[in-house]
Every structure is written in structure tokens, then in C-alpha cells.
Amino acid sequence: MRDLKNLQYFEDLLRLSNNRLVVQAKNQGRIFAAYMCENTPEPLLNLGNCFGVRLTAPNTGSTDIATYYMSSFMCEAARALLERSIEGGYNYADCLIAPDGCTMINRCAENIELLGTIKGNERFFVEHHETPLKADDNGVDLLVLQCKNHILTPLHEKYGIDISDTAIRHSVGIHNQVCELITAIGQYRKELLPRITGYEFAVITMATYVCPKDMLIDKLQETLDELATREPDSKPYRARLLVTGSELDDIEFIRIIEECGALVCADRFCFGSTPGREVIELTDDEDALTQVCRHYVYKCQCPRQMNMEKVYGRKENINRLALEYKADGIIYNQIKFCDPWAYERAMGTAMLRDDFGFPVLSLERPYNSHSSLGQIRTRIQAFIESIEIKKIQEEHNND
Amino acid sequence: MTEPMINPVNRPGDKNLGKLFNGGKVMKRREWRGFKDTMYDFFRWLKIWGILINVSMGKGFVKALFRYRWLANYLAVPHMIDKNTLGQRGETLRITRTAIDFVVKEMAQIVKDNNRADIRCGNDKKLSNRSVLCDENGMTAFMMGFPTLNSAQREVVTLFSANLINQNCATHYIDVAQQYGIPGDVCPMPETELGISIEDDFAVFGKCAVQINTTCDGSMMGNGLIAKRLEREYHIPTFQLAAPIRFKNDDVQAYAAEDIKKAIAFVEEHTGAKWDWDYYFECAKRVNITTRNRWEWLDVNSTDYPQFVGSVFCLYNDTNYMGNCGKSAVFPTIDAKIMQLVKKGLENKTMLGQQYRHRCLVWGVQSHYLFDLLYWMINCWGVVPLSDMLSMVIDREIAEVDTPENREQAYYDMAYLTENMIMRNHTHGGYEALLDEMWKYCEMLGADMIMLWEHIACKALTGMHGIFEEQARERGIHLVWVQHDLCDPRIANRQSIRDQFNLYMRTVMREEPLDPSLEVIDDNNMW
Amino acid sequence: MKALLIILLVIVILFVLLFTIYMFNLDMKFMTYVVAPILEKHYDKIDRNQYL
């Protein structure tokens, strides 16, 4: 296929945490709200003059200092973020909104706070908010209160951000515009000969997490228009794979999978398109904040939601996505040392394989895939081969 | 502490305790504590065997013994007690034995009920139908208003207490869990629980189960897999009770209280039992007695003559708060007996060892397979463990008078107890709960040293490693790191744990051991 | 008187026996070296319905 016109542009945005759009927005005097977890409702960080960016640590090499502070058993993402913060990589942030989602991200945020590693302006603040442990109305009430106390009020008091219902509705409007564009772009992955690769889609989706959203809409629209007439490759992929699992901001991981000849046809991970880029439906008969929180509580696919409806529901959701996107197999990935996903990966692997009949690759990976490129590639190649063998056997049996 | 405090009393009996260890699975012989104390210990030993024989006479015991791998660990209960009374004399020995013997009695009752109700063994349907399976890692506060129900703690006896008895009790199950894809870096405790479930080695009974997220991410996630087997194979419905993580904040309390209400409704729905407010407030009174007594013991421990200390202090608090939560009417009488002994010990200025060199606060998550290390610290180095993180449970009393307002407050109190589950009330709730409170208690108890159990797979704890060091340096407090892997001795064996302490005492403190025979002891093969 | 003496003798013998078991840790040695190995072998032989 011909390269997408804006692919390089999107890729460049992922190379630095203070990318060109972040710098541009800061130069315009906008307030940068850094956040660390998919359980923080994004539209609440994009109110008025404020823009939310999820922290990443692209091209992480050594995490020696963070390892001293947090030990070598900590999730590599948490260590990479602390290390980058110590290096001064997030000094342009005006606040840090951190949920007590998983223990390790919480400890990362607390180390940042105690060590004072983000040397932003004098009004810089860190807020930790609780996130519900179950998908129920009690959880919605909790999240509403938490968002008021730990996101909206501090933003208003420190930076005079408009936190009115109108402002939230406006922010959700822009959020939904981005979500609709990403969803429309992602639909092309359903085609048997898709006109977008999983890697390209991951790059575009990921960019929407690390940039002021309103500044990306033109490029996203342009890309969607371009895809309408893009000619797909005639050669079919060896296998169509769904990638699910833990925090994944390393697009190289998707590239490695596709370099082995597969297509990543669907995704379900933090920084991915589901549920993060699903439209938030708002009605006029209830305040916008409650509706946003309800969306986040009920759409959440994070393993920290522990009620059994959700525990089973997460696997059913993967099955639904795999069928919808015609996946031949599923890769359950887990960032090394992540406790929630260690168990979720094992359970998901067993259930998707035994209850739903999919071939599943269960994979632990480092934060930066390139640090164990060989092992990851070997595992994926073997997995793809096993799917191909299975297909041949099925064809043989049908004959 | 600048000058060591020398014990003016000549302590009778064995002086070099290391000679009791000869590399075998048990001690060469029991400790000679002088005539009076040895006789006391002997009769207590007889009583323990009485309890064990009583368990073995229970319904379903023989079948259970030949079915469940974990049950064999209980053969070594007397050995566990010997470890936890090493070097003790006089009031100290009596306090420890009173507490631990009662803990054993409580555990024995749980094992007995387990065997009796289990569908594979005793198959007592009546008992099973009034049993609610309670999560090991949670307070059983939501059961405080159900006088007719059994808060069944099958996980406690399968793993928690079993691991205090046999250091290797978890390893088989850890291997099973890892065989099914759970990584080796997660906390081995929930991993073991899951391994037991995978192997189908839990007793099966109960009308329903309530799981709690309190300990950690690993425990919460392991619950899902355990619930899957309970629900799908054994048709035991489960409820997941949510305890907020940032529980120190006022804005999470309504959420927590609401979920307690839901848990109670769930239990009522599945067991047919009705919540009894009279019984609840009766239990609440007992919880408050426990709290008051514990604070009084801590007050004593902040004097020059601490009395109720060490792993048994911790274990007693564990049992009293978590499993019991005011439901046992017997605990206050045991508390009273201990209180009497503590007061007597204080009056007599009884010392726990030959010499006190350092007053130490024990923090962090303790090793289960070396729970008794705290007594070794006294005997070997003269370091007195004044209290430990797990014993710092709640610091306020709960409403105990039945009024309409207090009935609403009760849900918040049960939530408060649940949120403040032993250990998690410091490992969660933000760094203030872990760091700031450690310094607060350090000052309160007059400690000049901190022994920090660093459970390497406990991410909530190790995530603050660097900050602990920096703050200790700023305050000029000796901070001794002792790393371990909670219930997997293959990762850090007993001597390697003691070596970390020895190394600090020799190189940083430049001290010589009080009992050199204990510095290196050959107990890695022991139960 | 004789009966009392016999009872006393039995008590003394029982005491000596039990105290010997206690002092030399014979109870634990018996459990450890006789009972536990038999049980461990037995547990390893049981078929388990293992699954995740």
C-alpha cells in the first residue's frame, strides 16, 4: 500500500512526550493536565483552556534511578514514567491527575509527588483520585464525587478553568468527534484485504491520547478521507490477530507482530480504541458529569473491576470483538511485573481458549519491546505458524 | 537507646539456644527454661495436644487428612509454638502462651468446622448451609450481625496459619499456579490461594462466599479465578465487597458503607438469615474492648519494660480483629488474662532477654516462614521489637450503643474496619499511611531502630523503597532492610533473612551478638 | 492405700513418659519422620482435577 500521507506526522508526535502539539498548546497559554490511567475521565481534562495528555515515556532505555526508588519488581511502565519524570521529561505539566487504580501507578505518582520531580509552575499540583472497583451505580456516585473533588475543583481553583455543565458538554463534543473519526478509521480493519494496517491504526489512535485533541481533528479527518480511496495490498495476511491486555503505549510491539506477517485487526488495551475511543452518549435530562462518569464505570475493561459480571464480561467482550473483526487468534499481552494483568492474562487465555475456542498467545513483554525483540518475535512467529497449521488441518478435514 | 539495659535477673535454663538446632526438620530437644517455666510449658504442651486430638476426633477428619495436602502441616503445631516461645521466661512466656494457645484453639475450631462441613468429608449439610465463605484477606465485619451464621475461613487454615507451621506449605501450590501461567513475581500468598483452587484442594462447602479486595491487586485478581470455580463448578454464588483504596479520604466513605449494605443483603438473600442489631452492637462492644486493650499494651511497650511483643502479639491481633471481629465472646476473657500478666510484668520490670540494646519498630509485611524472627532479634542481638505494622490496626472506637443514628453509623464502622484490614491499612491509603505513620509510631514507642520487612513481591511496599531510605537518613534512624518472599522460602531462605540483620548489626552498628550460637542456625530444612 | 499408690505410680510413670516425649521432642520427631512422609507420598498419588 502507499504510505498514509500523515503517518510520519502522527509517528513524530509519539517520539517525545512534549511533542510539537503539546509545545504549541503550551505556547498558546493553555493548561496541561497530565494523567496516568484510562480510568481518569479524559473529557474532564479538556475543559476550557485545559488539555489532558496521558503520560508516556517513549524510547525508554535504562530505568536505574526509578528502580532504586521503586525496586526491580515494579511494573516497567511505572518505573519508566518515574525515570522520565526524574529526567525532567514532564516539567511542562501544570498538574498531575493520578488515580489509585493499580498500586504501581499509584506509587509512581506518589514518588513523583514526594521527590518533586515535575518542576512545573508554582501552582503545579498532584491529585490522587479513587476509582470504582465495580461497575454499579454506587461506583458512578463515587466517581462523580471523586471527579468533583480531585479534578474539577482543583482545576477551577488553581487555574480558573470553566467546569460548568456547558463546558463539559463542549469537551465531550470534541472527544466524541475524535472517537467517531477513530472508530470510522478502525472499521477498515474489518475488510478481508484491509486498507489500513494495525500498526498505522495504533499510531493514529495513540496520538489522540498524547496530544490536545482539538488540534488533531483536521489530520484525522484527512486520513479518513484518504482511506476511502486507498488501494489495499492484494496479498492476504498470514493471520488476523486481536491484541488485548495491559498498558501498551509501545507501538513497536504492534509493528513487530505485523512484521511477522500478521494483521492486528482489533485491539483492546489502554491507549487503544476500545473502550477509550468509544463515543460518550449524552442526554439533556441529566448533568453531563454523571453521564461521563457512568460511561467510564460501565464501559471500563480494566481488570481492577472485580465484580464477576465484569470478570466474565471482559472475556465475552474480547470474544465479541474477535468475531466482529474476524480474528483468527488472540494475543493476551501483559507488561512485566503488572499484577492485575498477570492474573487477567492467565484467566483470559484459559477462557478464550477453552470457552470460546480461539487460539491464544499469552505473552509477558517489557515496556520497551525492543529490549527483548528476539524473544517476542519468536513467540509471535510460532503462534502465527500454529494458526496456519490449524487452518491447513481444518481445510484438510473439510476436504 | 544509648546505653544497653542489662537484665539484673539471672535467667534460668539454656543460654546458648543455637545448640537446639542440628539441621533436622525439628529441634534436637525442647528448651530447658528452669524448672518452673519448663513445667509450665510442659503442661501447656499437653493442652495443645489435647486440642489437636480433639480436632482429629471431629467428623470428616480422617477423610480430610487423606484428601488435603495442607492438612498435614498441622502435625507440627507444637513445633510452631516452640519457635515462637524461644528464650522466653516468666511473664513473657505466659503472655505468649496464653495468646498463641488461644489462636491455636481458634484455628483448630475452624479446621474442625471445615472438615465437618466439607462435601467430600463430613458433609454436614446443616453446618454448610449456615456457612459463608469469607476471604482470607479481609475483616469479617459484615458478619457481625449474623449470630447464627458461620464465618467460614477456609483460606486461613489452608494457607495463612499452615504457613506459620510449615515454611514449605505453599511451595507446591505456587508451582501449580505458575504451571497455569501466573508469573513468579506476584505476591506468593494470593498465588498460593489460587494454586490451591486450581488443584481443587480447598474444602467445599458454604451457602455463599464474600470476597474482598483489601490486601492488594494480586489478591483481588486471584479472587476472580477462585470465584469462577466456586460459581461454575460448585454453584456457590460469590459477592465481591469493595473497600476503597484511598480510605483515609472522607469522600470515599459513603461508597464503602453502601457496599457493606450490599454485602449484608447478599448474605441475607442466600442464607435466609436476618441481620440482628443486638448481636451487632454486642460484637461492636467487644471490638472496642480489643482496641482499648491493644492500645494499653502499646502504652506498656512504649515504657522501658515492654511486655507483649513479637510475632505472637501480631498473630493475636490478626486473629482477634480479622477472623473474630468481636464475634467471639471468649476473646475478652483471654485479653483480660493477658492484661493481668502484662501489668504484673511491668510491675516486676520483667525483661524479655538478657539485655536491651535497641528499641525497634517492626514495619512492612512480615515473612510467614520466619514469623518468629522477632524473638530471635531479642535473643541474638538484644533488639526489642516494640510493635509491628500489622498490630497497628484501628485507632478509634466504633459506635457500640444501639440507637437509630448508630445503626446508620454502623455501616460506616464496618466499612472502617474493612478498610483498615490488618496490613492493608498501611500498605494502601496513600504514602501517608505507610511512611508518615511509621515515623509517628516510631516516636510514640521511643524506637531508635526500624526493622523493615521488605516483601519483595509486595509492590505497595517496595514502591516506596527509596523514599524510606531517604527519610530514615534525614531523621538519623537506623533502618534495617530484611528482604523475603512472604511464603516462598526458596527465594530467600531463613538464614539468608537473618544474615541481612546480622550484617547490619555487625557492619553498621559494630556490635557483637548476645548469643553467638544464634547468629547462624541450621533451620532451613525445618518445618 | 495400695490403690492410691498404684494411681500415684501410674501418674508418675505417665509423667516421666510424657515429659521425656516433651523434652526430647519425640512427638515432633515421630510426626516428622514417620507420619509426614507417608502422607506426602499419598498426596502425590491422588488424581487432581486441575484447571484454571
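The sections below treat each topic in turn.

## Basis of the description

The model is predicted.

## Contact between chains A and B

Chain A contributes 40 residues to the contact and chain B contributes 41 residues. On the side of chain B that touches chain A, at least two residues come from each of α9 (217–232), β5 (238–241), α10 (253–271), α18 (459–462) and α19 (465–475) of chain B. The largest share of that side is supplied by α9(B), with 10 residues. Sorted by class, the side of chain B that touches chain A holds 20 nonpolar, 13 polar and 8 charged residues.

## A parallel sheet in chain A

Chain A contains an open sheet of 4 strands, paired in parallel and ordered β6-β5-β7-β8. The edges are formed by β6 (262–268) and β8 (360–365) of chain A; each has a single partner strand, so one side of each lacks a neighbour in the sheet. On average, and with direction ignored, neighbouring strands of this sheet are turned by 25° against each other.

Strand β5 (residues 239–245) of chain A pairs with β6(A) in the parallel sense over 6 bridges. Within this region, A:L241 stands opposite A:V264 in β6(A). Helix α14 (residues 373–398) of chain A packs on the sheet and touches β5, β6, β7 (329–335) and β8 of chain A. The direction of α14 makes about 175° with that of β8(A).

## Helix packing

Two packed helices are described by the angle between their axes and the distance between the axes. In chain B, the axes of helix α4 (residues 90–117) and helix α13 (residues 331–347) come within 9 Å and cross at roughly 165°. Because of this angle, α4(B) is roughly antiparallel to α13(B). Their crossing is left-handed. Residues B:E91, B:T92, B:R94, B:I95, B:T98, B:A99 and B:F102 of α4(B) meet residues of α13(B), including B:I334, B:I338, B:L341 and B:V342. The contact of α4(B) with α13(B) has 7 nonpolar, 3 polar and 4 charged residues.

In chain A, helix α1 (residues 7–15) and helix α8 (residues 198–207) pack at an angle of about 55°, and their axes are 9 Å apart. The two helices, α1(A) and α8(A), are therefore oblique to each other. The crossing of α1(A) and α8(A) is left-handed. From α1(A), the residues A:L7, A:F10, A:E11, A:L13 and A:L14 meet A:E200, A:V203, A:I204, A:M206 and A:A207 of α8(A). By class, this contact of α1(A) with α8(A) has 8 nonpolar, no polar and 2 charged residues.

## Backbone details in loops

Most residues other than glycine have a negative phi, and most peptide bonds are trans. In chain A, a cis peptide bond joins A:T274 and A:P275, with omega about -5°. A:P275 is found in the loop between β6 and α11 (288–299) of chain A.

In chain B, B:K349 has a phi near 55°, a positive value in a residue other than glycine. B:K349 is found in the loop between α13 and β6 (355–356) of chain B. With 13 other C-beta atoms within 10 Å, B:K349 is partly exposed. Phi is likewise positive, near 55°, at the non-glycine residue B:L486. The loop that holds B:L486 runs between β10 (478–484) and α20 (494–508) of chain B. B:L486 is buried, with 24 other C-beta atoms within 10 Å.

Note on methods. Residues numbered from 1 in each chain as written. Chains lettered and ligands numbered in written order. Predicted model: local features only at pLDDT ≥ 70, side-chain atom pairs only at ≥ 80, totals over all residues. Contact = placed C-beta atoms within 7 Å. Nonpolar A, V, L, I, M, F, W, Y, C, P; charged D, E, K, R; others polar. Axes fitted to C-alpha atoms, helices over the stretch in contact; angles between N-to-C directions. Parallel < 35°, antiparallel > 145°, perpendicular 65-115°, else oblique. Left-handed = near helix turned anticlockwise from the far one by under 90°. Pairing = 2+ DSSP bridges. Buried ≥ 20, exposed ≤ 12 C-beta atoms within 10 Å, placed from the backbone.
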